[in-house]
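This report describes selected features of a single protein model. The sequence and the structure are shown first, and the description follows.

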Amino acid sequence: MAACTLVAALPAMAEGEAAPARHPVTIDDIMALRSLSGLDCAHDGKQAVYVVGEADLKTDKRRNALWLADLAGGAPLQLTTGEDSASAPSFSPDGKSIAFLSKRGKDKRAQIWLLDRRGGEAKNLTDGKGHIAGFRWSPDSKTLLLMISDPAPEPPKDDEDRPLPVVVDDVKFKQDGVGFITAETHTHLALFDVAAKTETRLTASDAFDVITAEWAPDGKSIAYVADHSVDFTDLGGHWLTVVEAKAGAAPKLVAKLHGAPGQTLIWSADGKKITHLVGPGGKADQYGQPHLAETAVDTGATRILPATSGAFVSSPVDLGAGQVGVVLAEDRHEVPAVVDAKGTLRRLNDGTVSVLAQCGSPAPGAPRAVIASGDGKPSEIYALDAKGGLKLLTSHNKAVADRVAWGKVEDYAAIAKDGNEVHGLLLRPTGVAAGTKVPTLLWIHGGPNAQDIHAVDGYSMIADLLAAQGYAVLMPNYRGSSGRGDAYAAAIAADWGQKEVADLHASLDWAVAQGFADPARLGAGGWSYGGILTDFLIVRDNRLKAAFSGAGEGNIFALFGVDQYVQQYTQELGAPWKEPELWMRLSEPLLHADRIKTPTLFMGGIADDNVPLIGGQQLYQALKITGVPTRLVGYPDENHGIARPSFQRDRLERIVDWFKNHLN
């Protein structure tokens, strides 16, 4: 069991001690970086609890521990230690306890544990067999609202110990990290009495999932969003629903919303309105920028707050007095802002240090706690005041930050052939004389609704690593990226591999025209949608002398019914039998693989149901047949994100070696 002895943060360098010599970033540096997540603020606004993750190279796993930050500036304290996992920490409203998820001992599933805020050993609360996707404290701190699935049936036990067959009935039956979706997989709501340790089901396990839920201020009702998007005729597939917080209560549908990633529900103090995020729905659903909206509980009327209608809004938090703290994605920056009770949007600073996550408190004058990162500044916890000032609270990544000679990150803009201006970031190799032509790489972000920003943790650390190897690295925010408005994000809907590729070509052409990119040594790579775009590049551009396609796909026909995107395929593209010409065009990399001349490394997780490895397998097979140098690397038991530390290191080493062998 993880002990909860309070441990002070790492000491700073002694006065007068010489700073260590800096060096270009290495794989060891990347592996040593600690991840920060799970941020939650105490209701009195004085502290924040969060999760620190780090690679344990001996056990080849990630360790996660809870830490406590003093928002006034005191030294952070470590709350849990040992090999036990810890995630999703949450302060009780009365300020006495911190609940968190942890899988310990013989537990097959993570359970909820309770930690006294004053210290001591954590105590186990739940002992269920279902998967707890999340939980929320009731306002009186007596009940936990669980978002939980039913326990999966145990395999039959007989002489042959035969497994149970998988039976599916839903249209969508795959999800990365879950595998096949069965009736037991769906997430419902339950009430858990903290004192009695008893669980009461609140909603049925229907053919939909509860995405998020929140108690009303009076503790009598609960609002939740249920994902009904498997009904392809219903473009408002996220249903905002309210139910009384008692067994047998009938849920009331309030409004059907267009879904948005990172959904959060914030009740007004009088319980009459709920503030939330809303997306565009329809064909642009995967690309649209979330906006802040509010819905009247009685009438179901929903309106987007006008001040956020043109902005990509994320991480809304309740700041009290009708104020909502948000983060805005704005052209290579993530900017903290506040929306007041009148709906007015006010940016707090320019996002020079980008906010990646945040929590807030309704306590008057309390600062927000944020996870933030900037150029040469790995993620740390900061206190963000009402004027936008940032106070550094932690030093989890200071040792790495101080020993690395970070490359200078530059903005660039290039004009595509159709007139679009694409913006991106450029990392030049250090120690290269002016006028020297260097090998140059496109490093393409995934999503596509994401953006590369001015932050060590805002773009792939692989870019820093490649720049340290002597490459100039371009990170373009091609059309489809966030941060440039609704139209820019939705420009690629049902038109993949066209406008984005034009923007990628424009970036390469710009670099060559600037005189630093060696036109004979150009390459490209990326993961997920970055891998998909790499596949489109290599089939069209033989200038590329080396490429890396991670979790890509060159034949969309092969993914229909195999991956998790059946809703997107049918709503955005149309079914393959209805739009065969479009599906053929989107399968260009495999159908015209004989045009590919670029040596390409393909890679992915063998258990990936997001972009299955079949995409890499098919293009690898094609290049083997056509005689183009290629290699396929599959990571066992890994999903879309590679989690095992030894595999993370292996991936970095292979990417570096591939470009070294084929581009230098």
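## Basis of the description

A residue is called buried when its relative accessible area is under 20%, exposed when that area is over 50%, and partly exposed in between. By this cut-off R117, with a relative accessible area of 19%, is buried. The model discussed here is predicted.

## Disulfide

How many disulfides does a search of the whole structure find? The search finds one. The disulfide is formed by C41 and C359, whose sulfur atoms are 2.1 Å apart. C41 belongs to strand β2 (residues 35–41) and C359 to strand β28 (residues 354–359), so the pair ties together parts that lie 318 residues apart in sequence.

The link of C41 and C359 is right-handed, with 70° about the S-S bond. Both C41 and C359 are buried. In general terms, a disulfide is a covalent bond between the sulfur atoms of two cysteines.

## Salt bridges

The structure holds 25 salt bridges. One of them joins R117 to D44, with 3.5 Å between the closest N and O atoms. This pair links distant parts of the chain: R117 is in the loop between β8 (111–116) and β9 (123–124), D44 is in the loop between β2 and β3 (47–56), and the two are 73 residues apart. Whereas R117 is buried at 19% relative accessible area, D44 counts as partly exposed at 35% relative accessibility.

A salt bridge also forms between E214 and R136, the closest N and O atoms being 3.3 Å apart. E214 lies in strand β16 (residues 209–215) and R136 in strand β10 (residues 132–137), so this contact ties together parts that are 78 residues apart in sequence. E214 counts as partly exposed, at 22% relative accessibility, and R136 likewise counts as partly exposed, at 27%.

The side chains of D495 and K499 meet in a salt bridge with an N to O distance of 2.8 Å. D495 counts as buried because its relative accessibility is 17%, while K499 is partly exposed, with a relative accessible area of 26%. Elsewhere, a network of salt bridges links K273, E294 and R303.

R368 has L384 as its bridge partner in β30.

## The sheet β6-β7-β8-β9

Another open sheet of four strands has the order β6-β7-β8-β9, again with antiparallel pairing. Here β6 (87–91) and β9 stand at the edges; each has a single partner strand, so one side of each lacks a neighbour in the sheet.

Six bridges join strand β7 (residues 97–102) to β8, and these two strands run antiparallel. The bridge partner of A99 in β8 is L114. The loop between β8 and β9 holds R117, the partner of D44 described above.

## Surface patch and a distant pair

Which residues make a nonpolar surface patch of about 250 Å²? The patch is made by V166, V168 and F180. F180 is located in strand β13 (residues 179–180), and this residue is partly exposed, with a relative accessible area of 42%.

Q78 is found in strand β5 (residues 77–78). With a relative accessible area of 15%, Q78 is buried. Q78 and Q323 are separated by 245 residues in sequence and, from C-alpha to C-alpha, by 31 Å in space.

Methods:
Residues numbered from 1 in each chain as written. Predicted model: local features only at pLDDT ≥ 70, side-chain atom pairs only at ≥ 80, totals over all residues. Heavy atoms only, no water. Disulfide = S-S within 2.5 Å. Buried < 20%, exposed > 50% of the residue type's maximum accessible area, 1.4 Å probe, protein only. Patch = residues over 30% accessible without salt bridge, like charges linked within 9 Å, V, L, I, M, F, W, Y side chains within 5 Å. Areas by Shrake-Rupley, 256 points an atom, 1.4 Å probe, with all protein chains shown as cover. Salt bridge = Lys/Arg side-chain N within 4 Å of Asp/Glu carboxyl O. Pairing = 2+ DSSP bridges.
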